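Hi everyone, thanks for making time this morning. I'd like to walk you through one protein chain, so please have a look at the screen.

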Amino acid sequence: MINLKNIKVISFDADDTLWQNEKLFRKTECDFCKLMAHYIEPTKALKILWNMEVKNIPCYGYGIKAFVLDMLEAALKISKGKMTAAETKQIINLGKKLIKSPIVLFEGAENTLKKLSKKYKIIVTTKGDLLEQENKVYRSGLIKYLRHIEVMSEKNKTSYVRLIKELNIKPKEFLMVGNSVKSDILPVLALGANAVFIPSQFTWFYEDGDASKIPSKNFMKLEKISQLIKML
Ligand SMILES: [Mg+2]
């Protein structure tokens, strides 16, 4: 359980917590596999791409620009260096299309932020590319409810400790809401702050984790973002 009396700052994860994101990546992965279909069967292309994504995280971090480089490197591997200039262009265009995708807010996201912002300091804490993540927040229309946007290169304990220090609050006064056990829940609980897990229909395999084994101290699982309004 979470001691709600303590909470001063509520921090929302962005992708797949406030709006759809992973669904768009899945669609782009499908398009990539179709593009590679004359070299290799789609399930094999997908596996090579996924391996490339994880392998490259220490070099590139997260986001669409990194994903485009992953697709290009995977295509070079799949085509054994024979990919054409036209295919290279098509992969770059898949990335540009992804960057321009409209922001589709989850049901209840805006109303939840609107209501909670009257009582709490609301911030967004996301990871990945600074420009890409900031643009998504601005395009979401949610900026008017936010007092701060935090873009981290990695959502780990060190990054959250720094954030809480900058917010000038105690860990027990911080509540993180997100869809990733690995990034939004475990590092936050590890430093004595609070976390609410809201599973998303689509979550990147890299962010997946088992929430069933998490002790209930400072932790809750909800089905929908709008349930926060009644809780807080
Ligand atoms: Mg997320």
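Let's begin with the overall layout: which domains does the domain assignment give for the protein chain? Domain 1 is made of 4-19 + 104-231, and domain 2 covers 22-99. Please keep in mind that this is a predicted model.

How far apart do the C-alpha centres of domain 1 and domain 2 lie? They are 29 Å apart. Where the two domains meet, 11 residues of domain 1 are in contact with 10 residues of domain 2. On the domain 1 side, those residues divide into 3 nonpolar, 4 polar and 4 charged.

Now to the inside. In soluble globular proteins, nonpolar side chains tend to be buried together. Here, the largest nonpolar core has 28 residues, and Ile-10, Leu-175, Met-176, Val-177, Ala-195 and Val-196 touch the most other members. Several elements supply at least two residues each, including β1 (9-12), α5 (109-116) and β5 (194-197). The biggest contributor is β4, with 4 residues.

Take Met-176 as an example: beyond its neighbours within four places in sequence, Met-176 contacts Ser-11, Thr-125, Asp-184, Val-188, Ala-193 and Ala-195. A separate core of 14 residues includes Met-36, Met-71, Ala-74 and Ile-91.

Most residues other than glycine have a negative phi. Lys-80, though, has a positive phi near 50°, and Lys-80 sits in the loop between α3 (64-78) and α4 (85-99). Asn-168 also has a positive phi, about 60°, in the loop between α7 and β4.

Methods
Residues are numbered from 1 along each chain as its sequence is written. This is a predicted model: local features need pLDDT of at least 70, side-chain atom pairs count only at pLDDT 80 or more; totals for chains, interfaces and linings use all residues. Domain bounds come from an automatic or database domain assignment. Two residues are in contact if their C-beta atoms, placed from the backbone, lie within 7 Å. Ala, Val, Leu, Ile, Met, Phe, Trp, Tyr, Cys and Pro count as nonpolar, Asp, Glu, Lys and Arg as charged, and the others, Gly among them, as polar. A nonpolar core is a set of buried Ala, Val, Leu, Ile, Met, Phe, Trp, Tyr and Cys residues joined through C-beta atoms within 7 Å. A residue is buried if 20 or more other C-beta atoms lie within 10 Å of its own, exposed if 12 or fewer, and partly exposed in between; C-beta atoms are placed from the backbone.
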